[in-house]
Amino acid sequence: MTLSVVLFAVLSILAIASALVTITSKHPIRSAMGLVFHFFMLAGLYLTLSAQFIAALQVLVYAGAIMVLVIFVIMLLNLGDEEKLKYKVNPRQVIGIFLGAALLVMLGTIYVTNVSVAGFNKEIAANIGTAQFLGNELYTKYIFPVEAIGILLTAAIVGAIVLAKRKLN
Amino acid sequence: MSMEIIYGMPLFLIAALSVIVLLVDAFTGKNKAVAYYFSIISLLAVAVSAAISLNTNIPKSGFDTTITGNNITFGGYAAFFDIIFSLAGVMTIFASKPYMKREFKEYKEYYSLVMFAVAGMIMVSHANSMLMLFIGIELMSFSFYVLAGFIRTRITAVESSLKYFLLGSFASGFLVYGIAMIYGATGSMILPDILNKITTGNFDITYLKVGFALMLVGLAFKAAAFPFHQWAPDVYHGAPTVSTGFMSTAGKAAALIAFVIVAKSVLPVNISVESVTSGSLELSKFTDSARMVIAVISAITMLIGNISALVQKNVKRMLAYSSVAHAGYLLMGIVANNQDGWAGIMFYATAYLFMQIGSFVIVGIIEQNNERMNFDDYTGLRKNHPWIAALMAIFMFSLAGIPPFAGFPGKYMLFVAAVESGYTWLTIIAVISSVISMYFYIGLVLTMYFKDNENGLIITDISSAKIPLAISFVFVFLLGILPGSLIDLAKSLF
């Protein structure tokens, strides 16, 4: 057992534990904190899989921006402990459980049968995760789409301002 | 290097100028004329640069380069559509100044949003990869969502904007999922690569089928084709009339050119004979059934659009339904799936753009406070405003496909292309639905000319809306009597 395998195991156990805390705790803030911890553990998992860029994005976007949003909403709604509701099984939950089980089975079969994907190369795959590789691709091969997305976002911001400007002067 | 910059000029210019117009807007403060004229001049500059790159002698299918990572194609049909889209933008801006002043307030953001929409359309026509295609469609749609709800004190406009946004983003989801599936099937986003892999049998047929089906849903929504057309009448009716004219013409043309670009690479015309394997047999089966599906969509779209337009009392809503029907006619070119069909789409999209923008501009100058849009309001228009009535009659004749106006040769090209590729039944349905459409187009003309009204309507303010009317009239007339040059050009570009 190398160090990375140990690290992977520890991080995954912590990730699962914090996910359980998120869905079982009664207080919304505690749930949210569980979620933040879960996001950090996931970022760690990405690092052990040599995907530094996704790990950084995970921390910046999810653990940073999205969590601030979640906690703001909790604050604005002024939520306390959740009240006990009558528990009813709704069809959405059944479908969700079914799909989750299907995903588990699928991942399990891939692990057990050890399928090899044609053209899969470990070194190339490890290289793709680095920020350097992504930056190189984005600013050489995909420079036009990147610039076009810049214009797209500008248009979206202008549109939002036009529609939401408070005063009609 | 330098040649590429000349060919790519329309794209680079519109991308830069659509952002610069915001800065011009910010630095000129209360002076509204500067941003107005700046956007008109920029769009004209784009049109001129596109005309230059259209005239240069370049390969038919465009011009791929390595500096652009093969994401963009230059010249050819892309340059032609650049001209059309920027002209549509110019006409919309001219028509919207008096309209917005009267109905709401003249905000300069309107002009920059029109420019952004034109930038999106130009990206679609220049797209050489699924990525650019998607970004272009999204840029166009984002601008449309805002243009539809621009008069935000008017409840119908807000409703139309929200409806368009919610349904449109859902359709975009389908589109991007389809692109992902096609990427999974072929391993490439670049359209010529996809075509190459498909013709050499180097792909996965199941994923290709699923991917094309999903893309078909997304694109049919953007073109307002059956069964994804229900949003169109509500959105086109609720939006400010000048925006409707722009969305229902240039937007539809952009969606159709996206359709052509996708169909050209995913539904290959000639499957290579030397590799007649079970795979290529399956591929030709897939191509045939895909064309059949599009043919059925096209037939139902034109019937539903025209039959629903029959019962409308409101001219704007009638035109909205008839624009659904026109999407059906345009789809016939995709069904034909050959050079003639694509050239037909190019011609008819051009003709349709001018006649439909022209008629929406007239609806816009007659309407007041979201009223005066019923057929009854048009009675006696001949007496007070003979010129407006005559122009409206010309646009109606052209939309109905009566020679010598632009609608006729366009429809003729599409119908012939469908017959020649073996879809005679589709052409019969198209002819029947054209006959149905005569009823309401000619009905409007009859209302204007033969029903008298003691106190006929008075139009107060036309001002710069004259310019788009003049442009529309010239093109509807010229393309009607001298279609040859554009037909030849269209056939040489595909």
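**Briefing on the structure**

The lining of the largest cavity is made up of seven nonpolar, three polar and no charged residues, where Ala, Val, Leu, Ile, Met, Phe, Trp, Tyr, Cys and Pro count as nonpolar, Asp, Glu, Lys and Arg as charged, and the others, Gly among them, as polar. This is a predicted model, in which local features need pLDDT of at least 70 and side-chain atom pairs count only at pLDDT 80 or more, while totals for chains, interfaces and linings use all residues. Residues are numbered from 1 along each chain as its sequence is written, chains are lettered from A and ligands numbered from 1 in the order in which they are written, and side-chain values use heavy atoms, with hydrogens and water left out.

**The largest cavity**

- A search of the whole structure finds four cavities of 30 Å³ or more, a cavity being a set of points, on a 1 Å grid over the protein atoms alone, where a 1.4 Å probe fits but cannot get out.
- The largest cavity holds about 60 Å³ of space, a volume being the space filled by probe spheres set on the points, which are joined across faces, edges and corners.
- Among the residues that line the largest cavity are M91(B), F246(B) and F360(B), and a lining residue is one with an atom within 4 Å of a point.
- At least two lining residues come from each of α4 (76-103), α11 (241-266) and α14 (339-366) of chain B, and α11(B) gives the most, with four residues; helices are DSSP runs (H or I, at least four residues), numbered from the N terminus.

**The largest pocket**

- The largest pocket has a volume of about 820 Å³, and a pocket is an open set of points with protein on both sides within 12 Å along at least five of seven lines.
- Of the 24 residues that line the largest pocket, E137(A), K141(A), Y142(A), Y183(B) and M189(B) are the closest to its centre.
- The helix that gives the most to the lining of the largest pocket is α6(A), with five residues, and by class this lining divides into 16 nonpolar, six polar and two charged residues.

**Where chain A meets chain B**

- In chain A, 22 residues are in contact (heavy atoms within 4.5 Å) with 30 residues of chain B.
- The area buried between chain A and chain B is about 2200 Å², of which carbon and sulfur atoms give 79%; buried area is the accessible area (1.4 Å probe) that two parts lose on being put together, summed over both.
- Helix α7 (residues 143-164) of chain A provides the largest share of the side of chain A that touches chain B, namely 14 residues.
- That side of chain A has 14 nonpolar, four polar and four charged residues.

- Most residues other than glycine have a negative phi, and most peptide bonds are trans.
- F226(B) and P227(B) are joined by a cis peptide bond with omega of about -5°, and P227(B) lies in the loop between α9 (205-222) and α10 (231-238) of chain B.
- Another cis peptide bond joins P403(B) and P404(B), with omega of about 5°.
- S50(A), although not a glycine, has a positive phi of about 50°, and S50(A) lies in the loop between α2 (28-48) and α3 (52-77) of chain A.
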